[in-house]
Amino acid sequence: MNSSLHRLIDGMVATLREEVIPQVGSEFARGQAFGLIYMLNSIRLRADWSPAFIGEQLAAQYALSEALRPLLLDLQAPELPQVAASGLSGRALEAVRDDNDGRICALIEWSESPKLDAMRVEAVEMLLRQYMDRQLKWELQTSAKPMFAEMSNGSE
């Protein structure tokens, strides 16, 4: 099923590039078509049919949870991110990811508490930064490359 969705989107992009854009006389309309190609490429990279995109986010959340656990053992900290059960649907995986994001936000707010010692705060902040860096790299890796030049001048 994954390859069929990707093939469908690839076919739409190819048709736009090879059949539609050459027939469009207006630079503005060609720019809009390139914007549509950009959007389709973004959808292709994050398609709901494949849990790979969310799977990496969940793996990063769980790695953060495991790294934080020893630092927070004796503290009244917010709940750590949880691991997703195997076999969940894409929507269920999204729900776990979103719940974990809320838990991470609570941890960030909690880490600013004056009750924590400076060394522990520094360690928690370092782990949170590593997590955010991993998430940002994944986000960039799975984003379509911008087509600003094509959109603005209507040509490739």
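The protein chain has 6 helices and 0 strands, with helices (H or I, at least four residues) and strands (E, at least two) taken as DSSP runs and numbered from the N terminus. Read along the sequence, that gives the pattern α-α-α-α-α-α. The model is a predicted one, so local features need pLDDT of at least 70 and side-chain atom pairs count only at pLDDT 80 or more, while totals for chains, interfaces and linings use all residues. Residues are numbered from 1 along each chain as its sequence is written, and side-chain values use heavy atoms, with hydrogens and water left out.

On confidence, pLDDT is the predictor's own score for each residue, from 0 to 100. Its mean over the protein chain is 86, and 88% of the residues reach 70 or more. Helix 3 comes out highest, at a mean of 93, and helix 6 (residues 148-153) lowest, at 67. Where pLDDT is low, the predicted coordinates should not be read in detail.

The accessible surface of the chain comes to about 9700 Å², and carbon and sulfur atoms own 58% of that; areas come from the Shrake-Rupley method with a 1.4 Å probe, and for residues only the protein chains shown count as cover.

Next, the interior. A nonpolar core is a set of buried Ala, Val, Leu, Ile, Met, Phe, Trp, Tyr and Cys residues joined through side-chain atoms within 4.5 Å. The largest one has 14 residues, and Leu64, Leu68, Leu72 and Leu107 have the most contacts inside it. Helix 3 (52-72), helix 4 (90-111) and helix 5 (118-141) each give two or more residues to this core, with the largest share, 5 residues, coming from helix 5. Leu107 touches Leu68 and Leu72, and also Pro78, Glu79, Leu80 and Pro81, not counting residues up to four places away in sequence. A second, separate core of 8 residues includes Ile9, Ala33, Phe34 and Leu40.

Gln61, in helix 3, is buried because its relative accessible area is 0%. Leaving aside neighbours within four places in sequence, Gln61 is in contact with Pro81, Val96, Arg97, Asn100, Asp101, Ile104, Tyr131 and Gln135. Arg103 sits in helix 4 and, at 17% relative accessibility, also counts as buried. With the neighbours within four places again set aside, the contacts of Arg103 are Glu79, Leu80, Pro81 and Gln82. Glu94, another helix 4 residue, is partly exposed at 26%. The C-alpha atoms of Glu94 and Pro51 are separated by 9.1 Å, although the two residues are 43 apart along the chain.

Finally, the surface. Leu36, Met39 and Ile43 make a nonpolar patch of about 240 Å². Patches are made of residues with over 30% relative accessible area and no salt bridge, joining like charges within 9 Å and nonpolar side chains (Val, Leu, Ile, Met, Phe, Trp, Tyr) within 5 Å; a salt bridge is a side-chain nitrogen of Lys or Arg within 4 Å of a carboxyl oxygen of Asp or Glu. Met39 belongs to helix 2 (residues 27-45) and is partly exposed, with a relative accessible area of 39%.

Definitions and conventions: Buried < 20%, exposed > 50% of the residue type's maximum accessible area, 1.4 Å probe, protein only. Contact = heavy atoms within 4.5 Å.
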